[in-house]
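What follows is a report on one protein structure, written for someone who is meeting it here. Please look through the sequence and the model before reading on.

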Amino acid sequence: MPLPKISEARELSDEELVLEILAVKKQLFQLRLQKATRQLEKPHQFKHARHRLAQLLTVETERKKAASQPQTESE
């Protein structure tokens, strides 16, 4: 299973982005719980989930910066 592409994250709407961030955070919590109880079968899922979360947070930050930039230039 290849790592997710950031272009997929950029295609999401703002609401979808927030929901996806929450879903990935929940997934990471579940993975940590499985690891603690020794039920984790696919440890590579940690890498994929952290990678996806980083992409989503990067896109969110880019959008916030783009939204705030025109306001600072007009002042």
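The side chains of Asp14 and Arg63 are joined by a salt bridge, with 2.8 Å from N to O; the term salt bridge is used here for a side-chain nitrogen of Lys or Arg within 4 Å of a carboxyl oxygen of Asp or Glu. Because Asp14 belongs to helix H2 and Arg63 to helix H3, this pair ties together parts that are 49 residues apart in sequence. Helices, like strands, are DSSP runs numbered from the N terminus, where a helix (H or I) has at least four residues and a strand (E) at least two.

The structure is a predicted model, in which local features need a pLDDT of at least 70 and side-chain atom pairs count only at pLDDT 80 or more, whereas totals for chains, interfaces and linings use all residues. Residues are numbered from 1 along each chain as its sequence is written, and side-chain values use heavy atoms, with hydrogens and water left out. The pLDDT is the predictor's confidence in each residue, on a scale from 0 to 100. The protein chain averages a pLDDT of 90, and 92% of the residues score at least 70. Among the elements of the chain, H2 has the highest mean pLDDT (96), while helix H3, residues 44–74, has the lowest (89).

By the rule given above, the count of salt bridges comes to 3. In another of these bridges, Glu62 pairs with Arg10, and their closest N and O atoms are 3.0 Å apart. Glu62 lies in helix H3 and Arg10 in helix H1 (residues 6–10), so this pair ties together parts that are 52 residues apart in sequence. Glu20 also forms a salt bridge, with Arg52, the closest N and O atoms being 3.8 Å apart. That pair links distant parts of the chain, since Glu20 is in helix H2 and Arg52 in helix H3, 32 residues apart.

How accessible the residues of these bridges are is set out in the table, where buried means under 20% relative accessible area, exposed means over 50%, and partly exposed lies in between, with a 1.4 Å probe and protein chains only.

| Residue | Relative accessible area | Class |
|---|---|---|
| Asp14 | 47% | partly exposed |
| Arg63 | 25% | partly exposed |
| Glu62 | 35% | partly exposed |
| Arg10 | 42% | partly exposed |
| Glu20 | 29% | partly exposed |
| Arg52 | 12% | buried |

Arg63 can also be placed relative to Ser7, for the C-alpha atoms of these two residues, 56 residues apart along the chain, are separated by 14 Å.

Which residues form a nonpolar patch on the surface? Val18, Leu19 and Leu22 do, and together they have about 290 Å² of accessible area, a value of the kind that comes from the Shrake-Rupley method with a 1.4 Å probe, where for residues only the protein chains shown count as cover. Patches are made of residues with over 30% relative accessible area and no salt bridge, with like charges joined within 9 Å and nonpolar side chains (Val, Leu, Ile, Met, Phe, Trp, Tyr) within 5 Å. Leu19 has its place in helix H2, residues 14–36, and counts as exposed because its relative accessibility is 59%. Leu22 is likewise found in helix H2, but is partly exposed, with a relative accessible area of 45%. Leu22 and Leu53 are 31 residues apart in sequence, and their C-alpha atoms are 9.2 Å apart in space.

In the loop between H2 and H3 is Arg38, a residue with a positive phi of about 60 degrees although it is not a glycine. Arg38 is exposed, with 78% relative accessible area.
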